[in-house]
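Q: Hey, I'm new to this one. Can you walk me through it?

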Amino acid sequence: MSIFTDHPHSVGESYFEHLVTAGSFGVSLIAAGFACLVHGIFPFWCKTTGSRAVRQLADRMIHGRERYDGNAPKGEQIDWCI
């Protein structure tokens, strides 16, 4: 295996599947961070955007998945590490 595929394969994804998944998490985190900055300046805007994003990302990443042991069907692992 290579340094580019070891981790993606360990969570049951191809390199490109992992790229898309990690990229979508990154974009979501950037958007949530921007909303938190806006909320800091204008406390009446984006009151729940950051906390909602964290809950949604946790649901996507952890909840309802089994740890991938190399035998679990793809997409049924928990403890994703991006």
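Q: Before that, what kind of model is it?
A: It's a predicted model.

Q: OK. How many helices and strands are in the protein?
A: There are 3 helices and 0 strands. Reading from the N terminus, the elements go α-α-α.

Q: And how much of the protein is buried?
A: Buried residues are 21% of the 82 residues. The accessible surface is about 5800 Å², and carbon and sulfur atoms own 67% of that.

Q: Let's look at helix 2. What should the helix span, and what do its ends show?
A: Helix 2 has 27 residues, and at 1.5 Å a residue it should span 39 Å. The end C-alpha atoms of helix 2 are 39 Å apart, so the two agree. The expected span counts one less than the number of residues.

Q: Which residues of helix 2 are buried?
A: They are His 18, Thr 21, Phe 25, Ala 32, Ala 35 and Val 38.

Q: And what do those buried residues pack against?
A: The buried residues of helix 2 pack against helix 1 and helix 3.

Q: You listed Phe 25. What sits over its ring?
A: The charged end of Arg 60 does, 4.2 Å from the centre of the Phe 25 ring.

Q: Switching to ring pairs: how many aromatic pairs are there?
A: A search of the whole structure turns up 5 aromatic pairs. One of them is Phe 4 with Tyr 15, an edge-to-face pair with 6.2 Å centre to centre and 80° between the planes.

Q: Where do those two sit in the chain?
A: Phe 4 is in the segment before helix 1 (6-10), while Tyr 15 is in helix 2 (residues 15-41). They are 11 residues apart, and the pair links distant parts of the chain.

Q: Are they buried or exposed?
A: Phe 4 is exposed, at 52% relative accessible area. Tyr 15 is partly exposed, at 33%.

Q: What about Phe 42 and Trp 45, how are their rings arranged?
A: Their centres are 4.7 Å apart and the planes are at 45°, so that pair counts as tilted. Phe 42 is partly exposed at 35%, and Trp 45 is partly exposed too, at 45%.

Q: Which rings make a cluster?
A: Phe 4, Tyr 15 and Phe 16 are linked into a cluster by ring pairs.

Q: Last topic, cysteines. How many disulfides are there?
A: The search finds 0 disulfides. For Cys 36, the nearest cysteine sulfur is that of Cys 46, 8.3 Å away.

Q: How exposed are they?
A: Both are partly exposed: Cys 36 has 42% relative accessibility, and Cys 46 has 30%.

Q: Where is Cys 46, and what about its phi?
A: Cys 46 is in the loop between helix 2 and helix 3 (49-61). Its phi is positive, about 55°, although Cys 46 is not a glycine.

Key:
Residues numbered from 1 in each chain as written. Predicted model: local features only at pLDDT ≥ 70, side-chain atom pairs only at ≥ 80, totals over all residues. Heavy atoms only, no water. Phe/Tyr/Trp six-rings, centres within 6.5 Å; stacked < 30°, edge-to-face > 60°. Helix = DSSP H or I, 4+ residues; strand = E, 2+ residues; numbered from the N terminus. Buried < 20%, exposed > 50% of the residue type's maximum accessible area, 1.4 Å probe, protein only. Lys NZ or Arg CZ within 6 Å of the ring centre and 35° of its normal. Areas by Shrake-Rupley, 256 points an atom, 1.4 Å probe, with all protein chains shown as cover. Disulfide = S-S within 2.5 Å. Contact = heavy atoms within 4.5 Å.
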